[in-house]
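Q: I have a model open and want to go through it with you. Can we start with a helix and work outwards?

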Amino acid sequence: MQNIPFKIGYIENIPVLTVLVESINASNAHWVKDELLGYVKEHHPKGLFLNLYNVKHIGHVGLGALIALNNQIKMLHPHAFIGLQPEVSKLVHSSHLERVFQIWSGADNCLICGQASCGHKSELQRRMTEFLAKDHPIDENHIPHRGEPAQYKPQPPLDLTTPAQPTPKGVMTLGMAAVVGFVLIAGISAGTFMAAQNYINTPARAPMSQDEMHVRFDKNQDGLINQDDLPLLDATERLTLAATPLCKQVGLTCLSTNK
């Protein structure tokens, strides 16, 4: 097994990077993106075809990774995403990203010479199936999780039953002070305050998956949850993030349960 998520072919000296994973999701999206961008930054190709023929599924984090990739390759000529499978194509179109991505299929004119019928087209279609994922398995157990946000872990509820004990009381006081201070700074409504308080004090709340976190908080869809998303979050979303380990990552005042 190997730990490089793509294979390289060429057509007219233009690299065709074939992604070898069958799913681009929260566990590998940043690694796939980093490796592909690393190739681009190291080799500076004049054009690039990104072949997704092996990819059967893309999660929301994976979609963010494709957006980040597109931002880096869109100035190359020619460039395109090729080999989109039905589920991936459906997700791209439902997100209206076909307006942003250059997507090529065999029915389109050649991106190299512009002709409706040429040798480039048949060669590019052959390159789509040149490297199959089943023939080049990835060792998923040794994927470096670079850029992956910290996994959200639920915190125990504040102990409100033993006010006489100094430590729980101190924690409760600090927690309430942090919430009240954050509410005053954010200028949010009492309803939002109560929703956030209920959120952080609910002991049985199941942790959000990374896909769910990115759907809710990756507002600019770059595959990361960071300070760039902060201006796009509403007051409730900010309070929710303040109650998770991502608070410092996005530049929020953390609630006491995460300090």
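Q: Which exposed residues does the face of α3 turned away from its buried side carry?
A: Pro86, Lys90 and Ser94. Exposed means over 50% relative accessible area, buried under 20%, and partly exposed in between, with a 1.4 Å probe and protein chains only. Helices (H or I, at least four residues) and strands (E, at least two) are DSSP runs, numbered from the N terminus.

Q: Where do these numbers come from?
A: This is a predicted model, so local features need pLDDT of at least 70, side-chain atom pairs count only at pLDDT 80 or more, and totals for chains, interfaces and linings use all residues. Residues are numbered from 1 along each chain as its sequence is written, and side-chain values use heavy atoms, with hydrogens and water left out.

Q: Back to the helix. Which residues are buried in α3?
A: Val88, Leu91 and Val92 are buried there. Seen down the axis of α3, its buried residues fall within an arc of 100 degrees, so they line one face of the helix. The arc is taken from the directions from the helix axis to the C-beta atoms.

Q: What do the buried residues of α3 pack against?
A: β5 (57–58), α2 (60–73) and β7. Contact means heavy atoms within 4.5 Å.

Q: And just after α3, which residue takes a positive phi?
A: Histidine 96, with a phi of about 60 degrees.

Q: Now β6. Which way do its residues point?
A: His79 and Phe81 point one way, Ala80 and Ile82 the other. All are buried. In a regular strand the side chains alternate between the two faces of the sheet.

Q: In what sense do β4 and β6 pair?
A: Parallel, over four bridges. Strands pair if DSSP finds at least two bridges between them. Leucine 48 has histidine 79 of β6 as its bridge partner.

Q: What about β6 and β7: how many bridges?
A: Two, also in the parallel sense. Phenylalanine 81 stands opposite isoleucine 103 in β7. The chain crosses from β6 through α3 (residues 86–94) to β7, and this β-α-β crossover is right-handed. That is, with the strands pointing away from the viewer, the path from the first strand over the helix to the second runs clockwise.

Q: Switching topic. How many aromatic pairs does the structure hold?
A: Two. Rings of Phe, Tyr and Trp (its six-membered ring) pair if their centres lie within 6.5 Å; planes under 30 degrees apart count as stacked, over 60 as edge-to-face and the rest as tilted. Phenylalanine 6 and tyrosine 39 are edge-to-face, 6.0 Å centre to centre with 75 degrees between the planes.

Q: Where do phenylalanine 6 and tyrosine 39 lie?
A: Phenylalanine 6 is in β1 (residues 6–11) and tyrosine 39 in α1 (residues 29–43), so the pair ties together parts that are 33 residues apart in sequence. Both phenylalanine 6 and tyrosine 39 are buried.

Q: And how are the rings of phenylalanine 81 and phenylalanine 101 arranged?
A: Their centres are 4.7 Å apart and their planes at 35 degrees, so the pair is tilted. Phenylalanine 81 lies in β6 and phenylalanine 101 in the loop between α3 and β7, so the pair ties together parts that are 20 residues apart in sequence.

Q: Last one. What does the side chain of histidine 120 make a polar contact with?
A: The side chain of glutamate 12, at 3.5 Å. A polar contact is a pair of N or O atoms within 3.5 Å; within protein, one must be able to donate a hydrogen and the other to accept it, and residues adjacent in sequence count only if both atoms are side-chain atoms. Histidine 120 is found in α4 (residues 119–128).
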